Amino acid sequence: MTLLSVENVTRRYRLPRKSLLQAGPMLTAVDNASFRLEAGKTLGIVGESGSGKSTLARMVMAFERPDAGRILLDGKDLNALAPADLRALRPRFQIVFQDPYGSLDPRRTAGWSIAEPLRATGDTARAEARVAEALEQVGLRPADAAKYPHEFSGGQRQRIAIARAIVTRPALIVADEAVSALDVSVQAQILNLLMDLQDDLGLALLFISHDLSVVSAICDDVLVLEHGKTVEQGAADQVMAAPRHPYTKSLLTAAGLT
Amino acid sequence: MRRLPANLIIGGVLVAIVVGVAALSLVWTPHPENAMNIRGKFAGPSATYWLGTDQLGRDLVTQLMASARNSMAVALIAVLLGGSIGTVLGLLASAIGGWVEDLVMRFADISFAFPTLLFAIMLAAVFGPSLQNAILAIAFINVPVFARVARASANQIWTREYVFAARAAGMGRFAISRDHILPNIAAPVIVQATIEFAVAILAEAALSYLGLGVQPPESSWGRMLSEAQTLMYLAPQLAIWPGLCIVTAVLGFGLLGDGLRDITDPRLARER
């Protein structure tokens with residue numbers, strides 16, 4: 001069965017009004033986007049800033065609702081679920097953010113943050129052992145659980161964020177620009193880590209990035225967004241080899257891939 | 001280590017003196033409180049009475065110390081009470097949003113339209129002169145102040161990625177408020193509490209001056225002022241000393257609050 005299915009999803013925002021009597025104009029952040037992601041596969045969503053890719057990520061995480069369309073995980077419509085049912089489904093899909101300095105609460109230890117998804121679902125049996133295991137899976141030491149975020153480097157923090165995302169054994173991880181804020185050498189390490197984890201745990205990755213070179217390296221399929229519209233969609237190697245849309249071509253040129 | 005700002009140091013010293021004197025009065029005063037020596041009234045400074053005596057022959061230093069203690073107690077209870085309620089309201093407004101947020105913030109707007117001291121005086125007058133009502137009145141005027149500070153700070157924290165991570169984890173908004181929002185808004189709330197402490201001391205003095213605050217035989221700087229005002233030409237020092245104490249305490253807490261804000265507010269820290 002398809003793990004994640006996004007069907008004709010549209011999201012509009014109202015911009016601030018420009019004159020007193022007129023309501024602000026509407027911005028269509030995501031316009032009729034559709035895709036499927038199978039278990040264990042990687043889908044890349046590419047676009048420049050403002051293309052709607054992060055809005056799409058927030059909708060997949062059910063942080064906000066689409067104005068039209070459906071998002072199904074395990075065949076369940078995220079926006080039709082009762083709050084308690086959505087909460088019960090949360091361990092199945094997790095997210096890793098861009099900013100390794102903003103994604104960990106500065107006042108909580110690494111271990112506390114990693115255990116949060118376990119506490120949220122009341123699944124606290126052997127929490128300590130599972131946190132230690134997650135830390136080892138991302139290449140950190142179990143003793144690091146007692147440290148605070150400021151004691152880690154940016155790359156290490158991103159590893160902690162990944163540990164938090166995998167501690168519940170999810171089927172899907174949304175990586176929202178997860179390597180964009182890191183140095184190039186650290187980027188490669190984190191990408192390798194994500195791919196290793198994908199092999200070991202059978203994760204599906206929804207990999208959101210502005211960087212086509214990163215996406216082409218790890219994704220099975222790609223979807224290219226421009227101003228909320230899907231301009232190209234298909235197998236990654238196909239899109240890379242023979243881009244049909246001028247926007248994709250310009251992204252390829254910008255990434256130095258042609 | 002960065003150099004500490006001057007207002008923090010001066011404020012800290014003044015607060016330490018006032019709080020120290022107030023604490024000392026719990027265990028020791030030069031003379032027993034309210035001990036009268038009618039023959040020795042209006043005495044000048046001496047080895048026995050360091051600052052002299054008042055119209056009933058009571059030791060001025062003892063009265064000032066006891067007043068410091070009463071003032072601190074009133075301000076502490078009132079700010080803690082009003083601050084806790086206000087902070088919780090601000091957190092709830094931020095967590096729930098919608099009409100709850102609108103309601104809390106409009107309530108805050110309305111109470112801001114009244115001058116703080118006048119409002120406390122009005123409340124104390126309506127509910128009758130007693131220490132308890134004075135504390136409640138001062139606590140009440142603190143509620144909207146803290147609700148605003150807490151809500152504004154909380155709204156910022158709600159946009160942080162670690163809060164989104166907590167939402168992705170399945171945490172509810174009240175659990176997030178407790179686990180992430182409250183610890184991360186503690187700094188601005190504590191700064192506000194220090195500043196409001198100064199306002200509360202002034203409010204207590206004003207209420208007591210009007211007879212709506214600390215009741216006899218307990219002493220208070222405000223009460224000392226009101227008793228001394230008819231004797232201004234005879235014994236001006238009886239008004240000057242409590243006045244100086246009020247200024248010292250208010251200035252001390254005000255400066256301390258400003259200094260704490262300077263070192264905890266990242267926007268200001270970056271400019272230096």
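This is a predicted model: local features need pLDDT of at least 70, side-chain atom pairs count only at pLDDT 80 or more; totals for chains, interfaces and linings use all residues.
**View 1. The contact between chain B and chain A.** On one side of this contact stand 14 residues of chain B, and on the other 18 residues of chain A. Helix H6 (161-169) and helix H7 (173-209) of chain B each contribute at least two residues to the side of chain B that touches chain A. H6(B) provides the largest share of that side, 8 residues. Sorted by class, the side of chain B that touches chain A holds 8 nonpolar, 3 polar and 3 charged residues.

**View 2. Helix H1 of chain B.** Helix H1 (residues 6-27) of chain B is made of 22 residues. From its first C-alpha to its last it reaches 32 Å, close to the 32 Å expected at 1.5 Å a residue. The buried residues of H1(B) are B:Gly11, B:Leu14, B:Val15, B:Val18, B:Val21, B:Ala22 and B:Ser25. They line one face of the helix, because seen down the axis of H1(B) they fall within an arc of 125 degrees. These buried residues pack against helix H2 (60-96) and helix H9 (237-264) of chain B. Exposed residues B:Ala6, B:Ala16, B:Gly20, B:Leu26 and B:Val27 sit on the face of H1(B) turned away from its buried side.

**View 3. The surroundings of A:Gln233.** A:Gln233 belongs to strand E10 (residues 229-235) of chain A. This residue counts as partly exposed because it has 17 C-beta neighbours inside 10 Å. Leaving aside its neighbours within four places in sequence, A:Gln233 is in contact with A:Phe35 and A:Leu223. A:Ser19 lies 214 residues from A:Gln233 along the chain, and 39 Å separates their C-alpha atoms.

Terms used: Residues are numbered from 1 along each chain as its sequence is written. Chains are lettered from A and ligands numbered from 1 in the order in which they are written. Two residues are in contact if their C-beta atoms, placed from the backbone, lie within 7 Å. Helices (H or I, at least four residues) and strands (E, at least two) are DSSP runs, numbered from the N terminus. Ala, Val, Leu, Ile, Met, Phe, Trp, Tyr, Cys and Pro count as nonpolar, Asp, Glu, Lys and Arg as charged, and the others, Gly among them, as polar. A residue is buried if 20 or more other C-beta atoms lie within 10 Å of its own, exposed if 12 or fewer, and partly exposed in between; C-beta atoms are placed from the backbone. The expected span of a helix is 1.5 Å times one less than its number of residues. The arc is that of the directions from the helix axis to the C-beta atoms.
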